[in-house]
Amino acid sequence: MIWKRYKRQFLLAFVLVLTLLAPVGCLGGKSKEQPKEAQEEQKEEQQEAEDTEDEEIYILLYYNAENLCVFVQNAQTGRQEEFSYNGGTYIRNRYGDSTTISQLQVGELVRLTYTEKKVLTEIAVAADAFLFENVTGFSIDKEEAILSLAGSNYYYDEELKVFSEDGIISLNDLSSQDTICIRGQEKKILTIVVDRGHGTVTFRNTELFEGGMISIGNVAAKKVTKDMRLEIPEGTYTLSVANDGYGGSKKITVNRFEELSVDLNELKGEGPRYCKLTFQVTPENAVVTIDGEEVDCSQVQELKYGNYKLKAEAEGYEPWKATLVVSSEEAEITIEMESQTDSEEEKEEEQEGSGDETGQPNADTSGTQTGDSAGTGTTEGQAGNNGTGTGGTAGTGGTGTTGGQAGGSGTETTGSSTKTSSTSTETTRN
């Protein structure tokens, strides 16, 4: 009886143990394995979760918003690669703020984070790279591979990329007339982007005007010579030419990297022709001379089409001068002289100089500084000394046309060949 009782308990315990061990495959049984495809997917997901954060800098060459792909070049090795991106790709500007890929410019310097399948999880503009915007007045020594800007030298190598309108161009295509954006690290330039390019203007049938003056907007004023060629920033301008009673004006459009030929016979008109000039002068007691002869600014002055030296002097004011190109029937000249007190204050401000938040170098007073307030003025800005203004205000040594304001030692044209035109000038010092 005792044996039967213990035997029953032993069997119950044995069954219980079997029940507990069966699910985990013990007693020589095999556990249920995942399908092989599921294991490979799980492995790929684990690998993709471990993104590669690349510390090297890449140059953005091109992106295709339709196919969601990005082409870049390693700035150190020169190797070009293609990556894809999607709606989950983080894109950050140089300040770390979120942006869109359409806001990135070709030539941008970026760092990348991507998966093993080369899917970008982040594109970040390199915050430690320098950025100089709206640069004019630069010079390039191609033998030494040096670009000089505002008294500082920067070097480049054969891997330098120069972009224009989303394409890559040769460094030889650059002109000092261009407005460019420069990016690089330390003193090495990695990319240049042409924001505003130039074209070339040539002239035919110059004989009648040779020795006279020709002006193109606020950007150029030259004596007319045979076979002359001018590099001009792209844009639309008023071209004016005059000499010995003949002359006129016309609108021209200069396109990037294109050549425009102008026939000066179209502008000679019937001569000799004369212009009636009126003056608005500040201060009123200023002495104004045309080619060295004092004129009464309260009276209308009649001048034959041509070019003249216009000067103004007044006690307590900086001397003012400009070259006057007369090529319209009527014009008003505005002369606003600068007081010597204001001039001294400007000199002190110029000597202080400052770079901007993007790491631009300090500028000197030769107009080779970068940024909106220097070198070349636009319709929204003001040009620095020895700069040029386009529809805005030019500094000392600038040029002015109708609707603009010419600086001292600049050129003032009387506008178009229409009957009535007006001209204004800026007060400047010699």
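**Aromatic rings, a serine pair and a sheet**

Me: Let's start with Phe130: is it buried or exposed?
Reply: In this predicted model, Phe130 is buried, because its relative accessible area is 10% and the cut-off for buried is under 20%.

Me: How many aromatic pairs does the structure hold?
Reply: There are 6 aromatic pairs in the structure. One of them joins Tyr62 and Phe71 in a tilted arrangement, with 5.7 Å from centre to centre and 35° between the planes.

Me: And how accessible are Tyr62 and Phe71?
Reply: Tyr62 has a relative accessible area of 41%, so it is partly exposed, and Phe71, at 29%, also counts as partly exposed.

Me: Back to Phe130, which residue does it pair with?
Reply: Phe130 forms an aromatic pair with Tyr154, and this pair is tilted, with the centres 5.6 Å apart and an angle of 50° between the planes. Since Phe130 belongs to strand β8 (residues 130–135) and Tyr154 to strand β11 (residues 152–155), the pair ties together parts that are 24 residues apart in sequence.

Me: What about Tyr154 itself, buried or exposed?
Reply: Tyr154 counts as buried, with a relative accessibility of 7%.

Me: What lies over the face of Tyr154?
Reply: Lys187 does, at 4.4 Å from the ring centre. Phe83 has a lysine over its face as well, namely Lys118, which lies 4.9 Å from the centre of that ring.

Me: Which residues are in a cluster with Phe83?
Reply: Tyr58 and Tyr114 are, and it is ring pairs that link them with Phe83 into the cluster.

Me: New topic, where is Ser240?
Reply: Ser240 sits in strand β20, which covers residues 235–243, and it counts as buried because its relative accessibility is 0%.

Me: What does the side chain of Ser240 contact?
Reply: The side chain of Ser240 makes a polar contact with the side chain of Ser249, at a distance of 2.7 Å.

Me: Now the sheet with β23, in what order do the strands come?
Reply: The order is β26-β23-β29, and these 3 strands form an open sheet in which the pairing is mixed. β26 (301–304) and β29 (330–336) each have a single partner strand and stand at the edges, so one side of each is left without a neighbour in the sheet. On average, and ignoring direction, neighbouring strands of this sheet are turned by 35° against each other.

Me: How many bridges join β23 to β29?
Reply: Strand β23 (residues 274–282) is joined to β29 by 7 bridges, and the two run parallel. Looking at individual residues, Thr282 stands opposite Glu336 in β29.

Methods:
Residues are numbered from 1 along each chain as its sequence is written. This is a predicted model: local features need pLDDT of at least 70, side-chain atom pairs count only at pLDDT 80 or more; totals for chains, interfaces and linings use all residues. Side-chain values use heavy atoms; hydrogens and water are left out. Rings of Phe, Tyr and Trp (its six-membered ring) pair if their centres lie within 6.5 Å; planes under 30 degrees apart count as stacked, over 60 as edge-to-face and the rest as tilted. Buried means under 20% relative accessible area, exposed over 50%, partly exposed in between (1.4 Å probe, protein chains only). Helices (H or I, at least four residues) and strands (E, at least two) are DSSP runs, numbered from the N terminus. A charge sits over a ring if NZ of Lys or CZ of Arg is within 6 Å of the ring centre and within 35 degrees of the ring normal. A polar contact is a pair of N or O atoms within 3.5 Å; within protein, one must be able to donate a hydrogen and the other to accept it, and residues adjacent in sequence count only if both atoms are side-chain atoms. Two strands pair if DSSP finds at least two bridges between them. Axes are lines fitted to C-alpha atoms, for helices over the stretch in contact, and angles run from 0 to 180 degrees between N-to-C directions.
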